[in-house]
Amino acid sequence: MREKTMFKVGITALSILIVVATFLIPTPEGLPFEGKMLLGILLACVIMWITEAIPIVITAWLFAATVPILGILSSGETWSQGVSVAMVVCLPCFAFALFVQYSSISLRIIAFILKWAKNDSSKVLGGLMVATALLSLIIDDLVLVIMMLPFAYKILDENKTPWGNKSNLAKALVLGIAFASYIGGWITPVGSVVNILAMGFAEQSLGVTVTFANWMVLGIITNIVTLPIAWFVLVKVFKPEPITDEALERIQSERAALPGFTKDEIWGTLVILVTLALWIAGSWFPQLDMVVIGLIALGLMFLPPFQCVSFKRYVDESPWQVVMLNWAVGCFVAGMIATGAMTWLVNAVFGPFGALPIVIIMIFVAVFSCVLHNILPAGAAVAGLLTIPVCGLVASVGGNVTAAIFMCAVFSSAAFLLPLDLCVYVAYSSDRKYFSPIDELKVGWAPSIAAIAMTAVVIPAVCGLMGLA
């Protein structure tokens with residue numbers, strides 16, 4: 001215990017030294033002093049996040065506090081600009097997830113998958129990942145992860161899996177669901193909110209429009225390669241233990257003993273399906289505001305005489321850390337935008353590569369984008385920071401802008417390396433603590449590399465064959 005404490009003290013001291021060194025070094029040309037400080041503080045924060053010297057959420061809020069301290073924005077501006085749509089959409093999603101977890105719906109779905117997969121945990125993982133990816137065609141990543149995790153938890157509980165970082169089956173199932181939600185969300189523009197954002201930013205700044213059908217072609221090609229790679233690495237690295245015969249028998253017996261759906265289950269399912277349908281329709285009808293629909297749905301989940309979710313359970317078991325982390329990171333991103341630090345960083349990193357072949361530039365951009373979202377875990381904010389400067393850079397060197405838009409959306413939605421993005425953090429922040437940041441790094445590199453190769457090399461070629469700008 002003493003060694004662990006000393007390690008945390010040492011990491012904290014190192015992070016402080018990084019901030020002090022950032023203050024002392026000369027400010028690069030074209031970058032404000034405040035922007036320089038934010039970049040240095042970001043580096044220190046990443047080290048703290050990876051090592052968890054201080055809890056992730058607390059570190060994020062310490063980070064956010066530097067925006068008003070440096071005078072970049074006033075205190076009120078910082079906190080107000082940090083609020084995002086995703087934070088509010090989390091509120092009904094938490095209720096949806098608890099409803100699915102504690103109703104008979106999760107048992108019915110799990111029994112169907114296990115009837116096909118039996119004891120083979122690799123097939124169970126594959127079944128859950130394929131189901132998640134298909135649902136992610138039309139359901140936003142975060143919503144889907146919150147809905148699917150209860151399925152994994154039910155399997156693990158019936159398999160007598162202990163909580164904590166002890167079970168390879170738990171690591172594979174939980175991370176597999178998160179990874180599949182990212183990957184499946186690339187298939188359609190409505191598969192992730194950031195897809196729509198990236199498309200909108202590019203159309204606004206460069207006048208390039210990507211149709212729904214063209215996007216699907218790019219998304220399907222990327223999924224065909226990336227999803228099997230993610231599944232294969234999870235299986236080979238973690239080697240998940242099999243599902244026991246006793247667990248299979250218990251689940252199938254429980255499923256056979258179920259009566260018909262109760263009125264509460266029918267009502268809750270109806271609310272969720274209608275909400276999802278309206279969210280999807282909102283992609284074409286802006287009058288259907290996602291936040292308003294979500295808040296109405298939240299009220300309907302508690303509407304008497306139905307008892308879809310216990311309010312005490314909603315308060316006690318919802319992962320409120322997700323909302324707090326998103327808010328804190330949003331505050332920091334507001335500071336990055338105000339100082340122009342991100343545009344400066346993109347130009348500083350990629351400016352010298354302007355004379356290189358376009359494929360090399362695309363690879364560098366993809367790697368940069370991949371790393372950025374893993375340390376700035378707010379997909380919508382990353383899309384806002386990346387899309388315009390990256391697409392402008394690609395256009396200036398004669399690259400394919402449609403491919404650049406798709407790349408920005410892919411890496412603004414997916415963060416496979418660290419449990420900071422909401423989709424992975426919602427599982428990581430659970431009291432179950434099934435995996436560590438190191439566990440995610442062990443497997444997250446594979447889908448990351450696959451996504452980099454696809455978006456930097458394959459997708460530009462496909463766009464060229466399709467005659468896309």
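Helices here are DSSP runs of H or I with at least four residues, strands are runs of E with at least two, and both are numbered from the N terminus. With that in place, take the loop between α14 (290-301) and α15 (311-317), where Pro-305 lies. The peptide bond from Pro-304 to Pro-305 is cis, with omega near 15°. Most peptide bonds are trans, which is why I start there.

Some housekeeping. This is a predicted model, in which local features need pLDDT of at least 70 and side-chain atom pairs count only at pLDDT 80 or more, while totals for chains, interfaces and linings use all residues. Residues are numbered from 1 along each chain as its sequence is written, and side-chain values use heavy atoms, with hydrogens and water left out.

Now the whole chain. The protein chain has 22 helices and zero strands. Its C-alpha atoms fill a box of roughly 70 × 60 × 45 Å along the principal axes. The radius of gyration is taken over C-alpha atoms, and the globule rule is 2.2 Å times the number of residues to the power 0.38. For 469 residues, a compact globule would come out near 23 Å, and the chain has 22 Å, which agrees.

Next, burial. Buried means under 20% relative accessible area, exposed means over 50%, and partly exposed is in between, with a 1.4 Å probe and protein chains only. Of the 469 residues, 54% are buried. A contact means heavy atoms within 4.5 Å. Among contacts between residues at least 6 apart in sequence, 79% join residues at least 24 apart.

Is Val-322 buried or exposed? Val-322 is buried, because its relative accessible area is 0%. Leaving aside neighbours within four places in sequence, Val-322 touches Cys-90, Phe-94, Leu-422, Tyr-425, Val-426 and Ser-429. Val-271 is 51 residues from Val-322 in sequence, and their C-alpha atoms are 23 Å apart.

Phe-232 sits in helix α11 (residues 212-238). Phe-232 has 45% relative accessibility, so it counts as partly exposed. Between Phe-232 and Ile-459 there are 22 Å, C-alpha to C-alpha, and the two are 227 residues apart along the chain.

On to the cysteines. A disulfide is a pair of cysteine sulfur atoms within 2.5 Å. How many disulfides does a search of the whole structure find? The search finds zero. Cys-308 is in no disulfide, and the nearest cysteine sulfur, that of Cys-93, is 15 Å away. Cys-308 has a relative accessible area of 10%, so it is buried. For Cys-331, the closest cysteine sulfur is in Cys-45 at 13 Å, too far for a bond. Cys-331 is also buried, with a relative accessible area of 0%.

Last, two lysines in loops. Most residues other than glycine have a negative phi. Lys-160 has a positive phi of about 55° although it is not a glycine. Lys-160 is in the loop between α8 (141-158) and α9 (168-184), and at 64% relative accessibility it is exposed. Lys-239 has a positive phi too, near 50°. Lys-239 lies in the loop between α11 and α12 (245-257). At 61% relative accessibility, Lys-239 counts as exposed.

That is the tour.
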